[in-house]
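The sequence and model come next.

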Amino acid sequence: MEAVLQTKGLLSLPQNPRTRVFVPLQGLKHRILSTKPKPLGGISLSSNGFQKFQSFAPKNHGFGSKERNLFICKAEAAAAADGQPLFKEPEAPKLLGIEVATLKKIVPLGLMFFCILFNYTILRDTKDVLVVTAKGSSAEIIPFLKTWVNLPMAIGFMLLYTKLANVLSKKALFYTVIVPFIAFFGAFGFVLYPLSNYIHPQAFADKLLNTLGPRFLGPLAIMRIWSFCLFYVMAELWGSVVISVLFWGFANQITTVDEAKKFYPLFGLGANVALIFSGRTVKYFSNMRKALGPGVDGWAVSLKAMMSIVVGMGLVICFLYWWVNNYVPLPTRSKKKKEKPKMGTMESLKFLVSSKYIRDLATLVVAYGISINLVEVTWKSKLKAQFPSPNEYSSFMGDFSTATGVATFTMMLLSQYIFNKYGWGVAAMITPTVLLLTGVGFFSLILFGAPLAPALVSFGMTPLLAAVYVGALQNIFSKSAKYSLFDPCKEMAYIPLDEDTKVKGKAAIDVVCNPLGKSGGALIQQFMILTFGSLASSTPYLGGVLLVIVLAWLAAAKSLDTQFTALRREEELEKEMERAAVKIPVVSQEGSGNGSLSSGSALNRTAGDSSGSSSETSTPRNI
């Protein structure tokens, strides 16, 4: 008699389990989608692989006192669910101790980060030269730019990005955002800057300045050199949007938390090699202008060359993104995350504000922006006083970028040890501590520079030059701690979140909170200057504000550490439960359809039936 077993769900047993029929192990997808199982012959196999005849079935093939067969069924179910044999899987191929599949993700991501940071260094140094050294402008324009131009544009971009995220795929969203940046920087170098003398309302700005007075120099300079200010804002948005939203959002999408802990700090190694080389590039083009003949706009020539490099690197970024999407598999995420409906802009903002986790993340970003801005703007005003010409200013910024790259590279080498040894919480608290200590040193030198003047002269420095160098060291150490520890910590914190919170949370935090922090620092400086008369008079109070901001930063980092650890444990538990649910599926129904054996009573019932009628043979079921 031919015995046939109908496939049900993941694992199917005959109604009388004393007689077994061999069913080849198959993948989960095949078993679920299969609608017409193939009939087998009359010879069956036992679980250990030896042949036996149906008419000589032994008594103990049911779920009686012999529990060994139950465990065999579970093993078969697990293997069937995974689509793998019972034997141990061969090890994945490795290179330098790292799985090749992991390297296919990490290497392109490192190259993308290299190109993005290379561009950002060129753009960051160029934007300062354009707005600070332009005719009719000074460092006073920076607080107004960050508050009244950069922040509104960042908010507008966030609102647009949130809407686009609801209607576009991730790939389309990436290209839709990055391509306009590449096009603008190319157009600026070859179209807008050469036409700047024709499109800037210099005469109208001079007339307004004579009418309103010199205290309106900063706001009027925004109108006077509007194309340079637009470049400044686009360069700032490159850091907020392309680095924080596009790159880190993509990295979080294709990496696991374990991979992130191991490799996120190392992404900065390649990125800071880019920082070193881009600093040398800026210095080279700054010095190249000296060799040009009279009557030649050397800065225009340098700008065209640098913008060409920016466009080329942007195209490389797009290619790497395309390659990873087509040739690298995405990691498996927990499927038990609550699905959130598509939300409008205001609903998204309300949802994000209501989340303590997102609020703590926002506090970290805003606190960093305020803290670094309290020192940076003051330092740049000293820098222009020491290096008034665009050539000298740009050359110094090239050296500054190279030094920042070297310091950050060194910190990157230490960061993996810090993450492994001390964990996320300690790593997140290092950056505010470094910024506080170096900021105190910078403000102290400004306050007590006059008594130190005789000692500084013996080193060949004036108090102004010493303040420039100490401020540069403060920026170098703060930025190196940010790139090597703060940014990886911030991006790791997004990984356990569900996709909706991750996408909209990053847009709100990285695009709005980052410029909000810088604008907040600028507003504090403007208030202090108007209240106390000058930046020097307000320096002690700025130091007090810096202390308060850093303490709030440390408190938010501690709170976020607790929540991050809890989310990680919850995600790991859900993954374990999902694996258990997939690997031990058994059908309890006697009719058709899929099901699972939910209690031991069904097993006992089957065992009792089999022991009571040991000599019977099973009746074949028709398909």
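A cavity is found on a 1 Å grid over the protein atoms alone: it is a set of points where a 1.4 Å probe fits but cannot get out. Lining residues have an atom within 4 Å of a point. Grid points are joined across faces, edges and corners, and a volume is the space filled by probe spheres set on the points.

The model is predicted: local features need pLDDT of at least 70, side-chain atom pairs count only at pLDDT 80 or more, and totals for chains, interfaces and linings use all residues. Residues are numbered from 1 along each chain as its sequence is written, and side-chain values use heavy atoms, with hydrogens and water left out.

**The cavity**

A search of the whole structure gives one cavity of 30 Å³ or more. The volume of the largest cavity is about 460 Å³. Its lining has 34 residues, and Tyr 120, Tyr 368, Lys 482, Tyr 483 and Lys 518 are the closest to the centre.

Which elements give two or more residues to this lining? They are helix 3 (100-133), helix 9 (226-254), helix 10 (257-288), helix 13 (356-386), helix 14 (390-447), helix 16 (463-494) and helix 17 (499-532). Helices here are DSSP runs (H or I, at least four residues), numbered from the N terminus.

By class, the lining of the largest cavity splits into 15 nonpolar, six polar and 13 charged residues. Ala, Val, Leu, Ile, Met, Phe, Trp, Tyr, Cys and Pro count as nonpolar, Asp, Glu, Lys and Arg as charged, and the others, Gly among them, as polar. Domain 1 (96-330) and domain 2 (343-577) each supply at least three lining residues. The domain bounds come from an automatic or database domain assignment.

**Aromatic packing**

A pair of aromatic rings is described by the distance of the centres and the angle of the planes. Rings of Phe, Tyr and Trp (its six-membered ring) pair if their centres lie within 6.5 Å; planes under 30 degrees apart count as stacked, over 60 as edge-to-face and the rest as tilted. The whole structure holds 30 aromatic pairs.

Phe 188 and Phe 228 are edge-to-face, because their ring centres lie 6.2 Å apart and their planes stand at 65°. This pair links distant parts of the chain: Phe 188 is in helix 5 (residues 170-192), Phe 228 is in helix 9, and 40 residues separate them. Both Phe 188 and Phe 228 are buried. Buried means under 20% relative accessible area, exposed over 50%, and partly exposed in between (1.4 Å probe, protein chains only).

Phe 247 and Trp 248 also pair edge-to-face, at 5.1 Å centre to centre and 75° between the planes. Phe 247 and Trp 248 are buried too. One aromatic cluster is made up of Phe 181, Phe 184, Phe 185, Phe 188, Tyr 193, Phe 228, Phe 231 and Trp 238.

**The nonpolar core**

A nonpolar core is a set of buried Ala, Val, Leu, Ile, Met, Phe, Trp, Tyr and Cys residues joined through side-chain atoms within 4.5 Å. The largest one has 142 residues, and Phe 185, Trp 238 and Phe 267 have the most contacts inside it. Helix 9 gives this core the most, with 19 residues. At least three of the core residues come from each of domain 1 (96-330) and domain 2 (343-577).

**Contacts across the sequence**

The table lists residue pairs that are apart in sequence, with their C-alpha separations.

| Pair | Sequence separation | C-alpha distance |
|---|---|---|
| Lys 356 and Ala 556 | 200 residues | 10.0 Å |
| Gly 520 and Ser 371 | 149 residues | 9.5 Å |
| Leu 230 and Val 149 | 81 residues | 8.7 Å |
| Leu 473 and Thr 404 | 69 residues | 8.8 Å |

Lys 356 lies in helix 13. It counts as partly exposed, at 41% relative accessibility. Gly 520 belongs to helix 17. Its 16% relative accessibility makes Gly 520 buried. Leu 230 sits in helix 9 and is partly exposed, at 27% relative accessible area. Leu 473 is in helix 16 and, at 45% relative accessibility, is partly exposed.

Notes:
On a 1 Å grid over the protein atoms alone, a cavity is a set of points where a 1.4 Å probe fits but cannot get out, and a pocket is an open set with protein on both sides within 12 Å along at least five of seven lines; lining residues have an atom within 4 Å of a point.
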